[in-house]
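Subject: Structure handover

Hello,

Here is the structure I promised to pass on. My notes follow below it.

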Amino acid sequence: MMFPPGFVWGAATAAFQVEGATTADGRTDSVWDVFARRPGAVVGGDTGDPAADHYRRYAEDVALMRRLGLGAYRFSLAWPRVRPDGGEPNAAGLAFYDRLVDCLLEAGVQPWATLYHWDLPQALEEKGGWTSRDTAYRFAEYAESVVERLGDRVASWSTLNEPWCAAMLGYAGGIHAPGRTDHSAAVAATHHLLLGHGLAMDVIRRHAPGVPAGITLNLYPVAAHDPANVADVAAARRIDGLQNRLFLDPVLRGGYPDDLVTDLAPFGLGDVVRDEDAAVIAAHVDWLGVNYYRDYRVAGRPVEGSEPAGPEWVGAGDVHFVPDPAAPRTDSGWEVQPAGLTESLLQVHRGYRRVPLYITENGAAYPDVIGDGGDIVDTDRVAFLDSHLRAAHDALAAGVDLRGYFYWSLLDNFEWAEGYAKRFGLVHVDYETQVRTMKRSAQWYSRVIGMNGLG
């Protein structure tokens, strides 16, 4: 089961999750530093220090990437390291990413840089955060500092990672930083994040012409629990709209879907959108990143075993999520549904203008155990990887222009509100000693990379 020549094999991380060193070299607080200090916000009271200490150990980590045979490394840059408090550029912060990019290139690993993976400077949150239109323009300034410095060496740019999470979990659900629970704020944040994407695309075009650039979205197929039930079908439309079309349509079609404009009118969508915004947001992307972890089945009513939608689902409080009791689950409690990956890719392929796709995140947390010999035999993660790569290959066979796969994550790390309780990495990190140990899944993935296929 071979993949196309030139298929990109990589792994991904994010700055706040791996770097640590949260006060080093002029870095100031992000919303996640402040949120993690809130009692009860993060499991175990964990914070972003030490994480995987990647800021100091990046050369060791790049050496691990080389051993794995990775073709690319998808990382994000810390806005409060590059422009502390959202202010002037910080030479020491930019110098770190200079070193990282140069180290990757020396190892033969392509640098794939993400400008925003949720670490908004706290000083900007205090001025309204993503609810403020001004933050989109501050983001463009930050993007300019980064792209001016690294644009000659980065292989590919992503503007945003999972704006759904930043807006809905951060501003509506209160589950992620900044921990707000205001549906209108979440809708405003969604629009301003997308506006920031469009403004940053313009920056990339001006300072790194010819370098591929895109955006990374978490896309999950949504099915009605009972396709013959009108309420269930309506619930599926709403959740698909909030999860997928709210982001895909502005980026790839040049505007919000009519049904979502109606759904979100009570929450102020019309108040934050300006006439010129659609063209800015629809700035042509060279590729689209798809992050996939699960699929959803929903009902418009309570059914056996279902759970009501949480506050992150704006205006959808009457929707219920229906689990699949037969599906295996990861340590995060997420159902393992590899066929949903194929479906997500096909939905973009069939429903939107043709654009190259990359699976920019896909992975699973499992309770890894270090054996007597020091080995970590994570056969569950190997099975997860195998099934999802086969699902990716199914999408290729159906005609999807899929160009690469990035496993989440290279390293065990700070897993947001779960702190250090969940391990997604191909490489185990002992947080006391910072010793790295390749898991059996890393060895398996390395063989796949070497073959460019599955045996």
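Start with Ala 14. Ala 14 is buried, at a relative accessible area of 0% (buried means under 20% relative accessible area, exposed over 50%, partly exposed in between, with a 1.4 Å probe and protein chains only). Ala 14 sits in the loop between β1 (8-12) and α1 (15-18). Helices here are DSSP runs of H or I with at least four residues, strands are runs of E with at least two, and both are numbered from the N terminus. Beyond its neighbours within four places in sequence, Ala 14 contacts Ser 76, His 117 and Trp 408 (contact means heavy atoms within 4.5 Å). Ala 14 and Asn 161 are 147 residues apart in sequence, with C-alpha atoms 9.4 Å apart in space.

A word on the source. This is a predicted model, in which local features need pLDDT of at least 70 and side-chain atom pairs count only at pLDDT 80 or more, while totals for chains, interfaces and linings use all residues. Residues are numbered from 1 along each chain as its sequence is written, and side-chain values use heavy atoms, with hydrogens and water left out.

Overall picture

The protein has 16 helices and 14 strands. Its C-alpha trace spans about 55 × 50 × 45 Å along the principal axes. The radius of gyration is 21 Å, which agrees with the value near 23 Å that a compact globule of 455 residues would have. That radius is taken over C-alpha atoms, and the globule rule is 2.2 Å times the number of residues to the power 0.38.

Of the 455 residues, 63% count as buried. Take the contacts with a separation of 6 or more: 77% of them join residues 24 or more positions apart.

Cysteines

How many disulfides are there? The count is zero, where a disulfide is a pair of cysteine sulfur atoms within 2.5 Å. Cys 103 counts as buried because its relative accessibility is 17%. Cys 165 is also buried, at 7%.

Val 290 lies in strand β7 (residues 287-291). Its relative accessible area is 0%, so Val 290 is buried. Leaving out residues up to four places away in sequence, Val 290 touches Leu 217, Leu 219, Leu 345, Tyr 358, Ile 359, Thr 360 and Glu 361. Val 290 and Met 438 are 148 residues apart in sequence and 26 Å apart in space, C-alpha to C-alpha.

Phe 7 is in the segment before β1. Phe 7 is buried at 8% relative accessible area. Its contacts, apart from neighbours within four places in sequence, are Leu 396, Leu 402, Arg 403, Gly 404, Tyr 405 and Asn 452. Phe 7 and Ala 186 are 179 residues apart in sequence; their C-alpha atoms are 36 Å apart.

Backbone points to check by eye

Most residues other than glycine have a negative phi, and most peptide bonds are trans. Here are the exceptions I noted.

- Asp 49 and Pro 50 are joined by a cis peptide bond, with omega about 0°. Pro 50 is in the loop between α2 (31-36) and α3 (54-68).
- Ala 177 to Pro 178 is also a cis peptide bond, with omega near 5°. Pro 178 is in the loop between α8 (163-172) and α9 (183-207).
- Asp 53 has a positive phi, near 55°. Asp 53 lies in the loop between α2 and α3, and is buried at 9% relative accessibility.
- Trp 118 has a positive phi, near 85°. Trp 118 is in the loop between β3 (110-116) and α6 (122-125), and is buried with a relative accessible area of 6%.

Best wishes
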